[in-house]
Amino acid sequence: MPKTSARLLSLLSLLQARRDWPGALLAERLGVSPRTVRRDVDRLRELGYPVAAFKGPDGGYRLDAGTRLPPLLFDDGQAVALAVALRTAATTGAAIREDAVRALATVRQVMPARLRHRVDTLRVTAVEPSAVRPHPSVDGALLMALSAAVHAGEVLRFDYAAASPPEGAVRPPRRVEPHRLVSRDGRWYLVAFDLDRADWRTFRADRITPRSPTGPRFAPREVPGGDVAAFVTGRFRGADGPGGWPCRGEVILDLPAATVARHAHDAVVEELGPDRCRLVLGSWSWTALAAGVGRFDAAVEVVGPRELKDAFAVLARRYARAAAGAPGV
């Protein structure tokens with residue numbers, strides 16, 4: 001049987017891993033009797049851990065949230081994950097850089113020397129969004145307010161600042177059913193059903209100023225396609241459907257499929273021969289699609305559709321004029 005101190009740490013680690021633990025299962029995992037588990041639970045309570053017991057056929061224990069924070073227990077993997085998360089917090093778009101630094105310092109102080117050394121040797125450089133077009137940070141209190149409305153399922157009213165508002169224009173508040181907060185490329189967005197427009201929308205969180213109080217509760221709707229990530233990706237691509245591109249075409253390139261596949265991202269590459277392949281890809285416009293094919297620097301045969309062939313013709317005229325030094329078209 002392990003020593004009491006080691007067994008208590010193991011018990012605490014198990015209680016933190018899931019909400020409810022049947023007493024018999026805890027005893028089995030620790031290799032002790034249910035009576036010993038009960039005694040160890042009492043010891044944890046004396047140390048300040050709010051361990052609650054629940055009754056029933058599978059009666060057992062859970063680690064409840066307490067009014068004060070007792071010492072935390074992290075294994076090696078959790079300590080590294082926590083350090084990485086806090087040190088890269090600046091790239092999330094939330095205005096929590098200083099809070100993250102203080103949190104990491106606080107957690108570091110209560111870590112054993114061995115784990116503290118591992119965290120100190122971890123060096124992470126978090127590259128923030130481009131300084132040319134920096135993403136505005138979002139206050140943590142705003143994110144919490146939006147998240148609370150999502151969780152409560154209450155209609156949210158807010159003022160929404162336009163990117164370039166007309167001078168003197170007064171915009172009415174928006175009324176939405178908030179569905180999910182989404183972080184994408186350093187920006188935060190609220191995915192919601194706009195009640196006045198009867199359609200789904202994505203709103204930049206940094207432009208939202210909530211109004212109080214929130215509205216009535218609503219029955220949750222399912223986002224189009226059922227996948228929030230795919231829905232948001234599709235909207236940024238300019239597609240009405242979840243995840244798809246509004247323009248999609250097919251070409252044949254005089255390049256090996258393996259060479260093209262390394263730079264094809266979400267495109268489909270099919271090998272047609274040692275130095276020939278079929279490429280099916282999408283973009284937000286036909287000219288952008290044609291320009292994307294040009295980056296492969298190889299002979300191109302356009303399979304279709306006609307709009308893609310026309311886009312190649314438009315680009316050919318533009319490039320020819322640019323090469324001749326004439327104004328573009």
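**Figure 1. Helices α1 and α3 pack at an angle of about 85 degrees, with their axes 10 Å apart.** The model shown here and in the other views is predicted. Two packed helices are described by the angle between their axes and the distance between the axes. Angles of 65 to 115 degrees count as roughly perpendicular, and α1 and α3 are therefore roughly perpendicular to each other. Helix α3 spans residues 34–46. On the α1 side, the residues in contact are T4, R7, L8, L11, L12 and L15. They meet T36, D40, V41, R43 and L44 of α3. Sorted by class, this contact has 6 nonpolar, 2 polar and 3 charged residues.

**Figure 2. An open sheet is formed by 3 strands in the order β1-β3-β2.** The pairing in this sheet is antiparallel. The edge strands, β1 (21–22) and β2 (51–54), each pair on one side only. Helix α1, residues 4–17, packs on the sheet and touches β1, β2 and β3. The direction of α1 makes about 80 degrees with that of β3. Strand β3 covers residues 60–63 and is joined to β1 by 2 bridges. Within this pair, P22 stands opposite G60 in β3.

**Figure 3. Strand β5 pairs with β4 and with β6.** Strand β4 (residues 156–160) and strand β5 (residues 174–184) run antiparallel and share 3 bridges. In this pairing, L156 is placed opposite V176 of β5. Between β5 and β6 (residues 187–194) there are 8 bridges, and these strands also run antiparallel. Here L181 stands opposite L190 in β6. Strands β5 and β6 form a hairpin with 2 residues between the strands. In that hairpin, D185 takes a positive phi near 50 degrees.

Figure 4. An α-helix has 3.6 residues a turn, so residues three or four places apart point the same way.

Key. Residues are numbered from 1 along each chain as its sequence is written. This is a predicted model: local features need pLDDT of at least 70, side-chain atom pairs count only at pLDDT 80 or more; totals for chains, interfaces and linings use all residues. Side-chain values use heavy atoms; hydrogens and water are left out. Two strands pair if DSSP finds at least two bridges between them. Helices (H or I, at least four residues) and strands (E, at least two) are DSSP runs, numbered from the N terminus. Contact means heavy atoms within 4.5 Å. Axes are lines fitted to C-alpha atoms, for helices over the stretch in contact, and angles run from 0 to 180 degrees between N-to-C directions. Angles under 35 degrees count as roughly parallel, over 145 as roughly antiparallel, 65 to 115 as roughly perpendicular and the rest as oblique. Ala, Val, Leu, Ile, Met, Phe, Trp, Tyr, Cys and Pro count as nonpolar, Asp, Glu, Lys and Arg as charged, and the others, Gly among them, as polar.
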